[in-house]
Amino acid sequence: WYQRRVREAVVSTQSTGSSGINAEYGTDKQIVLNPNEAQKKEIKSMEFAVHEVYAMDVFVTTGSGKMKEANLSTTVHKRSDETYLLKMKASRAFFSEVSKRFTLMPFSLRAFEDEKKSKDGIEGMCYT
């Protein structure tokens, strides 16, 4: 079998709101999988309460688990809860489809019918 490791320093957060799908993120309660040295010093103990919901981000690799700089493009994206003022029509259409289909869940551009249009749309979102 493959030698797999959890990627270092992945932070998962508590979801607040009426449902986990349309939840707001950014609370003080966080779970860190495979913390780096700096995070080990900052992590606070916490208790889980009944009916709390957490969005768990899990990244697994066959490498060392540590991040390194590379000239590779991102293949999986996740919408933030920011408010966007998008100028390009392609970006507005792309954002609308992402909001409807994926809410705050991760997605790949391959999930869209026209991958070229989705690349144009996400480019307008990333560089506004």
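Ala, Val, Leu, Ile, Met, Phe, Trp, Tyr, Cys and Pro are classed as nonpolar, Asp, Glu, Lys and Arg as charged, and the others, Gly among them, as polar. The model is predicted: local features need pLDDT of at least 70, side-chain atom pairs count only at pLDDT 80 or more, and totals for chains, interfaces and linings use all residues. Residues are numbered from 1 along each chain as its sequence is written, and side-chain values use heavy atoms, with hydrogens and water left out.

**View 1. Fold of the protein chain.** Three helices and seven strands make up the protein chain; helices (H or I, at least four residues) and strands (E, at least two) are DSSP runs, numbered from the N terminus. Their order along the sequence is β-β-β-α-β-β-β-α-β-α. Of the 128 residues, 24% count as buried, where buried means under 20% relative accessible area, exposed over 50%, and partly exposed in between (1.4 Å probe, protein chains only).

**View 2. The largest pocket.** The volume of the largest pocket is about 610 Å³. A pocket is an open set of points on a 1 Å grid over the protein atoms alone where a 1.4 Å probe fits, with protein on both sides within 12 Å along at least five of seven lines; lining residues have an atom within 4 Å of a point. Grid points are joined across faces, edges and corners, and a volume is the space filled by probe spheres set on the points. The largest pocket has 17 lining residues, of which R7, M67, K68, A70 and L72 lie nearest its centre. Its lining comprises six nonpolar, seven polar and four charged residues.

**View 3. The second largest pocket.** This pocket has a volume of about 420 Å³. Among its 18 lining residues, T74, V76, H77, K78 and R79 are the closest to its centre. Strand 6 (76-77), helix 2 (89-101) and helix 3 (115-126) each contribute at least two lining residues, and helix 3 gives the most, with three. By class, the lining of the second largest pocket has twelve nonpolar, three polar and three charged residues.

**View 4. Surroundings of P106.** P106 is located in the loop between helix 2 and strand 7 (107-108). With a relative accessible area of 41%, P106 is partly exposed. The C-alpha atoms of P106 and K78 are separated by 4.3 Å, although the two residues are 28 residues apart along the chain.
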